[in-house]
Amino acid sequence: MRDQKKTRLSDEQLRFYKKEGYLLPDIQLFDPADFQELKSIFEEHLANKGAKKSDELDTPHFRDNRLFKFLLHPNTLDVVESILGPNIGLFSSHFISKEPLTGRRTPWHEDSAYWQGKFDRLDKIVTIWFAIDNAFYENGCMGVIPGTHHNCFSKYTSVGNNDAATFETEIKYVDEKKVVWFELDAGTFSLHDARIIHGAHANTSTQRRCGYTMRYFALDMRFNETAAPDHKIYYCRGKNLADNALSYHIK
């Protein structure tokens with residue numbers, strides 16, 4: 001039997017997450033062989049991206065069933081259950097790669113600001129940001145402003161040069177002195193609340209930075225199918241309390 005204690009967050013970690021809106025847990029989700037398998041899958045997607053930019057590899061699990069091994073991995077869901085409770089749905093996933101010297105900046109934003117209307121509320125969505133490569137300040141690691149998940153939505157303004165940024169809008173005023181930067185070794189991960197202010201600078205280094213985001217929501221939240229009619233949400237664990245139209249991964 002696997003040891004769930006190794007993949008559950010402690011009470012102290014949960015208190016920190018609820019207060020600050022993020023966590024850098026010292027937990028191993030995948031063993032080395034599985035990590036190499038996930039990295040190889042990403043390399044395939046990157047090689048076959050066509051006209052897409054390397055940071056635009058969104059919802060790859062819609063096209064590649066192999067990713068459910070990681071998205072529905074018991075270790076992954078144990079971590080998520082610590083935060084959301086036992087009833088879990090998979091909202092989305094995304095390979096986000098910043099290529100050496102050319103990787104675009106990610107403007108300061110709240111994920112929830114882009115997801116308004118997709119759920120009946122936005123307080124129980126968590127993202128695992130899993131490091132495929134080493135992530136550090138110079139190659140564009142993610143940063144958050146602690147505690148901002150308690151705020152209302154920020155004011156946004158248009159991004160000037162869209163070719164240099166991943167979004168067309170960004171939060172108007174951000175005090176970068178308050179940012180906590182997530183410098184992660186490959187194979188480790190961070191957690192953040194969908195409502196927290198976060199972003200990343202461009203990659204100015206000679207090393208690529210790729211992360212795999214895995215996004216989950218509590219199944220007492222209702223997904224609005226009309227707001228995203230082509231978007232599939234998947235059952236992970238527990239009870240479908242809000243009677244969502246869930247897809248199921250069949251092994």
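This is a predicted model: local features need pLDDT of at least 70, side-chain atom pairs count only at pLDDT 80 or more; totals for chains, interfaces and linings use all residues.
The largest nonpolar core holds 38 residues. Within this core, Leu-38, Ile-128, Phe-130, Leu-191, Met-214 and Tyr-216 touch the most other members. When neighbours within four places in sequence are left aside, Leu-38 is in contact with Phe-30, Leu-67, Phe-70, Phe-95, Phe-130, Ile-132 and Tyr-212. Another core, of 13 residues, lies apart from the largest one, and its members include Trp-115, Ile-125, Leu-219 and Leu-246. In soluble globular proteins, nonpolar side chains tend to be buried together.

Strand β10 comprises residues 189–193, and five of its five residues are buried, so the strand is largely enclosed by the rest of the structure. Both faces of β10 are covered. Phe-189, Leu-191 and Asp-193 lie on one side, while Ser-190 and His-192 lie on the other.

Aromatic pairs number 18 in the model. One of them joins Tyr-137 and Trp-181 in an edge-to-face arrangement, with a centre-to-centre distance of 5.1 Å and 85° between the planes. The two residues come from distant parts of the chain, 44 residues apart: Tyr-137 is in the loop between β5 (125–131) and β6 (142–144), and Trp-181 is in strand β9 (residues 180–181). Tyr-137 is partly exposed, with a relative accessible area of 37%, and Trp-181 is likewise partly exposed, at 23%. Because buried means under 20% relative accessible area, Trp-181 at 23% is not counted as buried. A single aromatic cluster is formed by Phe-91, Trp-115, Phe-119, Phe-217 and Phe-223; of these residues, Trp-115 is also a member of the core of 13 residues. In a contact of another kind, the charged end of Lys-232 sits over the ring of Phe-62, 5.2 Å from the ring centre.

The count of salt bridges is 19. Arg-8 and Asp-78 form one of them through their side chains, with an N to O distance of 3.9 Å. Arg-8 lies in the segment before α1 (11–20) and Asp-78 in helix α4 (residues 74–84), so this pair ties together parts that are 70 residues apart in sequence. Arg-8 is partly exposed, with a relative accessible area of 27%, whereas Asp-78 is buried, at 0%. Both residues belong to a network of salt bridges that also includes Glu-81 and Arg-237.

A salt bridge between Arg-104 and Asp-55 has its closest N and O atoms 2.8 Å apart. Arg-104 is in the loop between β3 (88–98) and β4 (106–110), and Asp-55 is in the loop between α2 (32–47) and β2 (57–58); the pair links parts of the chain 49 residues apart. Arg-104 and Asp-55 are both buried. Glu-225 and Arg-222 also form a salt bridge, with 3.5 Å between the closest N and O atoms. Glu-225 is partly exposed at 38% relative accessibility, and Arg-222 is partly exposed at 31%.

Terms used
Residues are numbered from 1 along each chain as its sequence is written. Side-chain values use heavy atoms; hydrogens and water are left out. A nonpolar core is a set of buried Ala, Val, Leu, Ile, Met, Phe, Trp, Tyr and Cys residues joined through side-chain atoms within 4.5 Å. Buried means under 20% relative accessible area, exposed over 50%, partly exposed in between (1.4 Å probe, protein chains only). Contact means heavy atoms within 4.5 Å. Rings of Phe, Tyr and Trp (its six-membered ring) pair if their centres lie within 6.5 Å; planes under 30 degrees apart count as stacked, over 60 as edge-to-face and the rest as tilted. Helices (H or I, at least four residues) and strands (E, at least two) are DSSP runs, numbered from the N terminus. A charge sits over a ring if NZ of Lys or CZ of Arg is within 6 Å of the ring centre and within 35 degrees of the ring normal. A salt bridge is a side-chain nitrogen of Lys or Arg within 4 Å of a carboxyl oxygen of Asp or Glu.
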